[in-house]
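Subject: Structure handover

Hello,

Here is the structure for you to take over. My notes on pockets, confidence and salt bridges follow it.

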Amino acid sequence: MSDLGGELRTALRDFPQGVGIVTAAGPEGPVGVTVSSFTSASLHPPLIVVWVGEGASAWPVLRTSPLFAVHLLHAGQTELSDLFAKTGADRWGDATKWESDVDGVPHLLEAPVRLRCRTARRIAVGDHVALVGEPLEIQHNTGNPPLVRFQGRYTSVA
């Protein structure tokens, strides 16, 4: 019997994907996770979608949080991406430049794009959930090429 999930993962490695980090405020402090499945969903009304695995350490907070932030990374932020992808890592230590907004949502200060969102919907699909967000605030600093994953490695479109 073939492993279609494994075949799908291998095939999709040839599709370049931008890299981001989703953050939220939890009752025990901030949470965050690296993601590579992010897209705009609608311009009218403005909506974005980020896919989060139900097994992600941040999912218990994202499952109920009314607010979250998506940070799209630049090509020089591979270490930050790895930090938020690693299980059990100290994501909020000295290596991470961040601050909480008035609602407690953690913002990564060096990300070139940040979307502060209100949770509009959560849609379970397989082992992931589409976290649909309505942007409330957008920070966008141009000039740096984005961080991209392609064939299982980081690369840049520069």
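A salt bridge here is a side-chain nitrogen of Lys or Arg within 4 Å of a carboxyl oxygen of Asp or Glu. By that criterion the side chains of Asp-103 and Arg-116 form one, at 2.2 Å from N to O. Asp-103 sits in the loop between S7 and S8 and Arg-116 in strand S9, so this pair ties together parts 13 residues apart in sequence. Asp-103 is partly exposed, at 45% relative accessibility, whereas Arg-116 is buried, at 10%.

Please keep in mind that this is a predicted model. The mean pLDDT of the protein is 93, and 98% of the residues reach 70 or more.

Salt bridges

The whole structure contains 5 salt bridges. Besides the pair above, Arg-114 and Glu-137 meet through their side chains at 3.1 Å, N to O. Arg-114 belongs to strand S9 and Glu-137 to strand S10 (residues 128-140), so the pair ties together parts that are 23 residues apart in sequence. Arg-114 counts as buried at 11% relative accessibility, and Glu-137 as partly exposed at 37%.

Another salt bridge pairs the side chains of Glu-110 and Lys-97, at 3.4 Å from N to O. Glu-110 is in the loop between strand S8 (106-108) and strand S9 (113-125), and Lys-97 is in the loop between H3 and strand S7 (98-100), 13 residues apart. Glu-110 is partly exposed, with a relative accessible area of 45%.

The largest pocket has a volume of about 1,100 Å³. It is lined by 31 residues, of which Arg-9, Gln-17, Ser-36, Ser-37 and His-128 are the closest to its centre. Elements that give two or more residues to this lining include helix H1 (4-12), strand S3 (29-35) and helix H3 (78-85). H1 gives the most, with 4 residues. By class, the lining of the largest pocket has 12 nonpolar, 13 polar and 6 charged residues.

The second largest pocket has a volume of about 310 Å³. Of its 24 lining residues, Gly-18, Val-19, Leu-72, Pro-146 and Leu-147 are the closest to the centre. Strand S1 (17-18), strand S4 (38-43) and S11 each give two or more residues to the lining of the second largest pocket. That lining has 13 nonpolar, 11 polar and no charged residues.

Regards

How values were computed:
Residues are numbered from 1 along each chain as its sequence is written. This is a predicted model: local features need pLDDT of at least 70, side-chain atom pairs count only at pLDDT 80 or more; totals for chains, interfaces and linings use all residues. Side-chain values use heavy atoms; hydrogens and water are left out. On a 1 Å grid over the protein atoms alone, a cavity is a set of points where a 1.4 Å probe fits but cannot get out, and a pocket is an open set with protein on both sides within 12 Å along at least five of seven lines; lining residues have an atom within 4 Å of a point. Grid points are joined across faces, edges and corners, and a volume is the space filled by probe spheres set on the points. Ala, Val, Leu, Ile, Met, Phe, Trp, Tyr, Cys and Pro count as nonpolar, Asp, Glu, Lys and Arg as charged, and the others, Gly among them, as polar. pLDDT is the predictor's confidence in each residue, from 0 to 100. Buried means under 20% relative accessible area, exposed over 50%, partly exposed in between (1.4 Å probe, protein chains only).
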